[in-house]
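Please walk through this model with me, from its sheet to its cores and helix contacts.

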Amino acid sequence: FWRSSVELVNPHLPCRAKTNVMFLKTHKTASSTILNILFRFTEKNNLTIALPANQLVHLGYPETFTTSFVEEFKTIGQNYNIMCNHLRFNRLEVQKVMAENTFYFSIVRNPVSQLESSYVYYKDAAPAFRTSKDVNEYLASPMSYYHKVNYKQNIYAKNNMWFDFGYDNNAEDDESYIQEVLQEIEQNFHLVLIADYFDESMILLKHTLCWDLDDVIYFKLNSRKEDTVQTLTPESKERVKVWCSLDWKLYLHFNQTFWKRIQEAMGLEELEKEVNLLRARQKELMETCLSDWRPVEKTHIKDKALMPFQSGAASILSYNLNQDLDNKSLRACQKIVMPELQYMSYLYALQHPLKKRKQLGFPLFWNSFQEN
């Protein structure tokens, strides 16, 4: 079903695949899709993964990360290969969990679309969003709805990416402070991808980690139904850049470094070729795996075990698999469409078989079948 990795090794780049990887999962930036890529890579290569302790589903988010949020950190120590669940970045604590030669990366998205997505998804969670009618009303006068006192509940409502990287999302927009933070992020992370250029990001990631094409193949996860997307007015779009100015500057900076990295790694012509290969392979797998060819809304999901977590006013989509798949293909297809919480829960049961399972339903299939 999956091609052999041998034919996908780039002859011009004899390099060894990196297996110690830390991904800072930012919010509403296509990061759930990357999580699935990392979960599959973990399983395929029998790697260890730093998973949330006990019944936690995130690594302590929105609290600043400490090692106590990782299951069995005291026993396993620094011998984790992969870390990728939501956390609020704290370099010193993360370094205690990950090996010295770990590759650190993250992803950012244009704050204009990122904030709209957050608004719909976290409508019920953030007090600032809850009390406004829609995203345009919120942006017309954010300070009427956003109160610093509630800052812990309102992290999604202002400079959320800045917060995820471990900084104060209510900080003043001061040029020297911003430059200092951007410099620090560059020191902490080897690569920052751009969600708005997701396929290009996957190709750059593949090159940088020396992975195969099939390692970065994905089906889009945690996306939502078109009719839940709210249209921002031109004024609102400009207001996001001011209201979330820290995120806007973060995005502009890393959008620039991203294209610089592309030029250094392969150039635009090679990039285009590889993106086309990625899309062709993705199409091939979709034909194999899916009965509907595209994600379907929650009421049309046949296998309820593949139902993603539903949040706010967003209708989160999932996939229906072909009914006539052989066992090996079925396993591979199930994994590529598996929602984040179910996959995390499954890996937790594999890695910590003696611990109480996470309280989430996941396919019965996983209960009866465990791969080595």
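Two strands pair if DSSP finds at least two bridges between them. Helices (H or I, at least four residues) and strands (E, at least two) are DSSP runs, numbered from the N terminus. This is a predicted model, in which local features need pLDDT of at least 70 and side-chain atom pairs count only at pLDDT 80 or more, while totals for chains, interfaces and linings use all residues. Residues are numbered from 1 along each chain as its sequence is written, and side-chain values use heavy atoms, with hydrogens and water left out.

Strand 1 and strand 3 are joined in the parallel sense by 4 bridges, and Met 22 stands opposite Tyr 104 in strand 3. Strand 3 (residues 103-108) also pairs with strand 4 in the parallel sense, again over 4 bridges. In strand 4, Leu 191 is the bridge partner of Phe 105, and Leu 193 is that of Ile 107.

How many of the residues of strand 3 are buried? The count is 6 of 6, where buried means under 20% relative accessible area, exposed over 50%, and partly exposed in between (1.4 Å probe, protein chains only). In a regular strand the side chains alternate between the two faces of the sheet. Phe 103, Phe 105 and Ile 107 point one way from strand 3, and Tyr 104, Ser 106 and Val 108 point the other way. Strand 4 (residues 191-194) is covered on both faces, with Leu 191 and Leu 193 buried on one side and Val 192 and Ile 194 on the other.

A nonpolar core is a set of buried Ala, Val, Leu, Ile, Met, Phe, Trp, Tyr and Cys residues joined through side-chain atoms within 4.5 Å. The largest one has 91 residues, of which Met 83, Phe 105, Leu 193 and Met 202 touch the most other members. Helix 11 (residues 245-265) supplies the largest share of this core, 7 residues. Another core, of 23 residues, lies apart from it and includes Leu 115, Tyr 146, Ala 157 and Trp 243.

The axes of helix 4 (residues 111-121) and helix 10 (residues 234-243) come within 9 Å and cross at roughly 95°. Helix 4 and helix 10 are therefore roughly perpendicular, a label for angles of 65 to 115 degrees. Pro 111, Val 112 and Leu 115 of helix 4 meet Lys 237, Val 240 and Lys 241 of helix 10, contact being heavy atoms within 4.5 Å.

Finally, Leu 290 sits in the loop between helix 12 (267-289) and helix 13 (327-337). Leu 290 is buried, with a relative accessible area of 3%. Leu 290 and Asn 322 are 32 residues apart in sequence, yet 5.1 Å apart in space, C-alpha to C-alpha.

Notes
Axes are lines fitted to C-alpha atoms, for helices over the stretch in contact, and angles run from 0 to 180 degrees between N-to-C directions. Angles under 35 degrees count as roughly parallel, over 145 as roughly antiparallel, 65 to 115 as roughly perpendicular and the rest as oblique.
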